[in-house]
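Please examine the structure below with attention to charged side chains and to the parts of the chain that they join.

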Amino acid sequence: MSPHETPGSAGTDPQREPAPGTVPERRQVTVRRAPKYVPFLILGGLVGVIVAAVLAYTLPGDASYDSGSVFGFFMVLCAAGGVILGAVAALVLDRMSVRRAERAVVEPVPDSAPETPEADGGNRA
């Protein structure tokens with residue numbers, strides 16, 4: 001922290017703020033659409049549970065094992081695999097979004113005063 005900064009103003013320098021009549025500073029930013037990872041993980045887990053139910057209840061199995069216990073065993077394995085596949089899908093989509101990223105130029109917009117009822121002559125429709 002420099003000597004002229006206060007603890008609450010880290011990163012702001014009052015000496016560097018633009019004067020009221022100057023041209024606003026333009027910045028170049030990168031804009032991209034990145035996927036949210038949590039929905040992919042949840043969807044992968046749900047698909048894994050559905051696959052486990054299909055495996056446990058539709059395929060013929062050994063009579064010595066209960067269908068519920070077979071479902072529980074397959075649910076753990078298939079849900080974990082589904083979560084991993086969902087994460088891989090999100091990572092692939094994230095890498096694709098980096099390639100499709102676009103550059104944009106932005107500049108700050110001055111704050112405008114809120115409209116008051118007197119500004120429009122007091123007439124309301």
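Helix 2 spans residues 67-99, and Asp94 is one of its residues. In this predicted model, Asp94 has a relative accessible area of 14%; because this value is under the 20% cut-off, Asp94 counts as buried. Beyond its neighbours within four places in sequence, Asp94 is in contact with Arg32, Ala34, Pro35 and Tyr37.

One of these contacts involves opposite charges. Side chains of opposite charge can pair when their charged atoms come close. Arg32 and Asp94 form a salt bridge through their side chains, with an N to O distance of 2.8 Å. This pair connects distant parts of the chain, since Arg32 belongs to the loop between strand 1 and helix 1 (37-58), whereas Asp94 lies in helix 2, 62 residues apart. Arg32 is partly exposed, at 39% relative accessibility.

The structure holds three salt bridges. Another joins the side chains of Arg26 and Glu107, at 2.9 Å from N to O. Here too distant parts of the chain are linked: Arg26 is in the segment before strand 1 and Glu107 in the segment after strand 2 (102-106), 81 residues apart. Arg26 is exposed, with a relative accessible area of 59%, while Glu107 is partly exposed at 39%. A further salt bridge pairs Arg27 with Glu25, whose closest N and O atoms are 3.6 Å apart; both residues are exposed.

Strand 1 (residues 27-31) also contains Val31, which is partly exposed at 48% relative accessible area. Leaving out residues up to four places away in sequence, Val31 touches Ala101, Glu102 and Ala104. The C-alpha atoms of Val31 and Arg100 are separated by 9.0 Å, although these residues are 69 residues apart along the chain.

Terms used. Residues are numbered from 1 along each chain as its sequence is written. This is a predicted model: local features need pLDDT of at least 70, side-chain atom pairs count only at pLDDT 80 or more; totals for chains, interfaces and linings use all residues. Side-chain values use heavy atoms; hydrogens and water are left out. Helices (H or I, at least four residues) and strands (E, at least two) are DSSP runs, numbered from the N terminus. Buried means under 20% relative accessible area, exposed over 50%, partly exposed in between (1.4 Å probe, protein chains only). Contact means heavy atoms within 4.5 Å. A salt bridge is a side-chain nitrogen of Lys or Arg within 4 Å of a carboxyl oxygen of Asp or Glu.
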